[in-house]
Structures are given as structure tokens and as C-alpha cells.
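Trainee: Could we go through this model together, term by term? I would like to see where each label comes from.

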Amino acid sequence: MNVRSILSMLVSIPALGGCAGSLSALDPAGPAAAAVATLWWVMFWAAVVLFVLVGGLLWFVWKRPGFGASMTPMRWIIWGGLVMPGILLTALVSYALFIGERLLPHGLAQTPTRVVAHGVQWQWQFSYPDAADVKGTPILHIPAGEPVDVIVTSGDVIHSFWVPRLAGKIDAIPGHENTIRIQADRPGTYRGVCAEFCGSAHTDMRFTIEAHDRAAFDTLMRELSDG
């Protein structure tokens with residue numbers, strides 16, 4: 001292995017560190033986040049293929065003067081500048097729309113658990129419409145292994161609700177309710193953030209999600225209801 005390869009690996013190590021951790025979208029813990037991660041990898045590898053293809057053409061032109069001279073400039077523009085990116089981008093956009101449609105909170109045979117996420121500068125408060133006696137909590141509690149609809153709104157400015165390991169992000173807009181469906185495959189603790197700059201303490205607007213097995217979740221709701 002030459003020096004250049006070793007340096008390339010060393011430079012890549014800090015970047016790879018961002019692929020893990022409690023806020024990594026590339027370490028999914030639920031079906032919605034897994035779909036988002038898959039879309040990211042598809043886009044990434046498509047970009048790699050395109051980069052290698054264009055880089056290969058440049059390499060041939062540099063190393064072999066006259067390469068491609070048999071093709072007219074107009075044909076290079078049409079096939080290389082319009083047809084090739086047109087086919088690639090059409091395929092990627094179609095796949096992105098297919099994944100995006102699957103992430104919408106469509107109706108289910110059994111109505112999922114609902115929670116409300118209310119953002120105000122610079123904290124989140126969570127309530128449980130299916131357990132009206134439960135007061136708001138700073139930690140979002142959900143049952144694990146089943147879909148949960150999060151109704152997201154704001155009390156002041158625009159925020160964005162995002163739990164990278166469980167789903168994509170959705171805006172919290174004053175006077176408006178947006179719904180995002182999340183699911184944690186296993187009980188555990190997950191981290192969330194506000195993904196929309198909302199003021200000087202925006203980076204402090206983080207929150208925690210605790211996913212419980214169904215029996216433990218029901219018990220917790222009863223305990224919170226009793227105060």
C-alpha cells in the first residue's frame with residue numbers, strides 16, 4: 001500500500017465517524033429511517049458511478065490525446081450532457097418519489113398511537129391525545145415495535161422535528177399541524193433535535209425519545225395519569 005492510499009484512508013476516518021452515533025441517519029432503528037438511509041445510499045452510489053464515469057473520460061482525454069475525436073462535439077453534448085444525466089436523474093427522482101410516498105402516514109387497519117409534539121423556543125413538550133389525563137412530558141414516550149403518529153406544531157416560530165434514527169424530519173409551524181409516522185423497532189433511548197434554525201439557542205433544542213415495550217408503555221401511561 002503506497003503513501004497516497006494510506007493518507008486517503010486517514011483522511012476518511014473522521015468522515016466515517018459521522019456515520020454512527022445517536023443522531024446518525026445512517027444508523028436506522030425503524031422502518032422509516034431505514035427507507036431514508038437506503039435512499040441516501042442509492043444517491044451516494046449513483047454519484048460515485050457518475051463521478052467515476054466523468055473522471056474516466058477526463059483521464060482518457062488527458063492520457064490519450066485525440067480520444068473521442070471521432071465523435072462530433074454536438075454528439076458529446078447530446079449524449080454526455082443531456083441523455084446520460086437525464087436517464088440517471090429521472091431514475092433517481094422516481095425512486096425518491098417512491099420512497100417519499102411510502103413515508104406518508106397512510107391509514108392503517110389499526111389506528112396507531114398518537115402523540116403531540118409542541119415546540120417553543122427552545123424546548124419540546126409532548127402530550128398524548130389517547131391518554132387525555134396524562135400531563136405533558138419533556139421526554140417523548142412511545143411503544144416500541146409499532147407505528148406512532150406524531151402531530152407536530154409550534155407555539156412561536158418555525159421549528160423542525162427530527163429523530164434521525166427513527167424517521168425523517170418535518171416542520172413545526174405555528175397554527176398548523178403536520179403529522180409524521182415514526183417507529184422504533186426495539187425498546188431503547190433515542191435522540192431528537194430541532195432541524196430548523198429558530199434562534200440563538202437553537203442548538204439546545206434537543207429532546208429524548210424513550211421506546212418501551214407495549215406493556216411497559218401502558219403501565220407508564222397509567223402512572224403518569226395518576227400523577
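This is a predicted model: local features need pLDDT of at least 70, side-chain atom pairs count only at pLDDT 80 or more; totals for chains, interfaces and linings use all residues.

Trainee: Why is helix 2 called roughly antiparallel to helix 3?

Mentor: The axes of helix 2 (residues 31-63) and helix 3 (residues 73-102) cross at roughly 170 degrees and come within 10 Å. Angles under 35 degrees count as roughly parallel, over 145 as roughly antiparallel, 65 to 115 as roughly perpendicular and the rest as oblique. That makes helix 2 roughly antiparallel to helix 3. The axes are lines fitted to C-alpha atoms over the stretch in contact, with angles from 0 to 180 degrees between N-to-C directions. Helices here are DSSP runs of H or I with at least four residues, strands are runs of E with at least two, and both are numbered from the N terminus.

Trainee: Which residues make the contact between these helices?

Mentor: Contact means heavy atoms within 4.5 Å. Among them are Leu39, Val42 and Leu50 of helix 2, and Trp76, Leu88 and Tyr95 of helix 3. The contact residues divide into 15 nonpolar, 1 polar and no charged. Ala, Val, Leu, Ile, Met, Phe, Trp, Tyr, Cys and Pro count as nonpolar, Asp, Glu, Lys and Arg as charged, and the others, Gly among them, as polar.

Trainee: What does the UniProt annotation "transmembrane region" cover?

Mentor: The unreviewed UniProt entry gives residues 44-62 and 74-98. Such annotations may be inferred rather than shown by experiment. In the model, residues 44-62 are 100% helix, with end C-alpha atoms 27 Å apart. Residues 74-98 are also 100% helix, and their end C-alpha atoms are 34 Å apart.

Trainee: What makes strand 2 and strand 7 edge strands?

Mentor: The open sheet of 4 strands has the order 2-1-4-7, with mixed pairing. Strand 2 (123-127) and strand 7 (178-182) each pair on one side only. Two strands pair if DSSP finds at least two bridges between them; 5 bridges join strand 4 to strand 7, which run antiparallel.

Trainee: Why does glycine 155 count as partly exposed?

Mentor: Buried means under 20% relative accessible area, exposed over 50%, and partly exposed in between (1.4 Å probe, protein chains only). Glycine 155 has 48% relative accessibility, so it counts as partly exposed. Glycine 155 lies in the loop between strand 4 (148-154) and strand 5 (159-162).

Note on methods: Residues are numbered from 1 along each chain as its sequence is written. Side-chain values use heavy atoms; hydrogens and water are left out.
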